[in-house]
Amino acid sequence: MLMTILAAAAPKGDNPYGLEAALREGGLIAQTVFGILVLMLFVSLYILFTKLFEQQKIINQYKRVRSQFWTANSLREGAAKLEKNSAYRQIVDDGIQAQDQYKELTDPIEAHDWLHGSLARSEASINSQLNGGLAFLATTGATAPFIGLFGTVVGIYRALIKIGSAGQASIDAVAGPVGEALIMTALGLVVAVPAVLAYNFLQRRNKAIAENLNGFSNDVLGYLASDGRVRPTASAAAKKAPAAAAAKPAGTTTTAGQAGGAQTRA
């Protein structure tokens with residue numbers, strides 16, 4: 001891809017100062033710097049697209065959790081509605097397992113603390129997997145400009161050697177090495193900028209996913225700690241609201257007194 005971009009920007013015809021000529025004249029050092037930068041770019045793109053796919057999968061799972069999970073009669077029944085090996089299925093399974101293990105403990109410990117610790121470990125494991133590969137993006141964004149700068153320094157050094165050998169600073173003597181130096185600088189920026197943007201973008205999405213996971217984990221903890229008496233009701237209320245609005249005749253209103261004067265909790 002880098003070759004295509006630079007070739008498109010280069011003049012037509014046999015260009016003695018193009019990328020291929022710069023790599024040929026630059027020798028092993030220039031070719032090594034170019035190879036490292038290209039490798040870093042392709043690995044960064046691979047991490048970006050794989051993480052986007054992984055994040056979108058978890059986001060879609062959260063949508064199904066909100067619409068289906070809490071309508072089940074039990075956690076085990078709700079877990080059966082989730083995909084196997086999914087993030088939310090893992091939290092539910094770990095919570096159920098922690099509840100079963102608590103009955104086998106001989107050392108006295110609060111059930112809430114035991115369940116909370118188990119769910120927190122499960123949540124941390126998922127977040128760790130989501131953050132996998134982001135360290136490479138951060139490293140690429142921080143080091144790629146300096147790797148390109150190393151190629152720039154070598155190119156300018158070669159230009160100075162040519163000037164010293166020729167005894168005069170002619171354009172023919174310095175154009176090739178200086179062009180090579182500028183190309184290496186540009187390559188470093190082309191690799192570093194997308195890596196930094198991808199890192200920040202993925203980190204922001206991971207933060208949103210972590211908030212959803214934390215909220216779901218707290219809901220599971222409340223369900224387990226209360227033997228099923230505490231569960232989210234937002235989704236159920238949202239489903240009942242349209243049905244109630246449709247059943248109410250047009251032009252009428254209902255007050256607390258007309259409904260019996262008091263509200264009851266299920």
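At 17% relative accessibility, Arg89 counts as buried (buried means under 20% relative accessible area, exposed over 50%, and partly exposed in between, with a 1.4 Å probe and protein chains only). This is a predicted model, in which local features need pLDDT of at least 70 and side-chain atom pairs count only at pLDDT 80 or more, while totals for chains, interfaces and linings use all residues. Residues are numbered from 1 along each chain as its sequence is written, and side-chain values use heavy atoms, with hydrogens and water left out.

Arg89 forms a salt bridge with Asp93, the closest N and O atoms being 3.2 Å apart (a salt bridge is a side-chain nitrogen of Lys or Arg within 4 Å of a carboxyl oxygen of Asp or Glu). The two residues are 4 apart in helix H4, so about one helical turn separates them. Asp93 is partly exposed, at 32%. Helices here are DSSP runs (H or I, at least four residues), numbered from the N terminus, as are strands (E, at least two).

Helix H4 covers residues 87–102, and its 16 residues should span 22 Å at 1.5 Å a residue; the end C-alpha atoms are 23 Å apart, which agrees. The expected span is 1.5 Å times one less than the number of residues. Among the buried residues of H4 are Tyr88, Ile91, Val92 and Ile96.

## Salt bridges that link separate parts

The structure holds 4 salt bridges. In one of them, the side chains of Glu83 and Arg64 meet at 2.6 Å, N to O. Glu83 lies in the loop between H3 and H4 and Arg64 in helix H2, so the pair ties together parts that are 19 residues apart in sequence. Glu83 is partly exposed at 35%, and Arg64 is partly exposed at 32%.

Asp100 and Arg76 also meet through their side chains in a salt bridge, at 3.2 Å, N to O. This pair links distant parts of the chain, with Asp100 in helix H4 and Arg76 in helix H3, 24 residues apart. Asp100 is partly exposed at 33%, whereas Arg76 is exposed at 52%.

## The aromatic cluster

Tyr62, Phe69, Trp70, Tyr88, Phe216 and Tyr223 form one aromatic cluster. The structure holds 6 aromatic pairs; rings of Phe, Tyr and Trp (its six-membered ring) pair if their centres lie within 6.5 Å, and planes under 30 degrees apart count as stacked, over 60 as edge-to-face and the rest as tilted.

Phe69 and Phe216 make an edge-to-face pair, 5.3 Å centre to centre with 70° between the planes. Phe69 lies in the loop between helix H2 (19–68) and helix H3 (75–80), and Phe216 in helix H7 (residues 171–225), so the pair ties together parts that are 147 residues apart in sequence. Phe69 is buried at 2%, and Phe216 is buried at 3%.

## A cavity, and a loop residue

Where is Asn85 found? It is in the loop between H3 and H4. Phi of Asn85 is near 65°, a positive value in a residue other than glycine, and Asn85 is exposed, with a relative accessible area of 81%.

The largest cavity is lined by Gln61, Arg64, Val65, Leu82, Glu83 and Ser86. On a 1 Å grid over the protein atoms alone, a cavity is a set of points where a 1.4 Å probe fits but cannot get out, and lining residues have an atom within 4 Å of a point. The volume of this cavity is about 30 Å³, a volume being the space filled by probe spheres set on the points.

Methods:
On a 1 Å grid over the protein atoms alone, a cavity is a set of points where a 1.4 Å probe fits but cannot get out, and a pocket is an open set with protein on both sides within 12 Å along at least five of seven lines; lining residues have an atom within 4 Å of a point.
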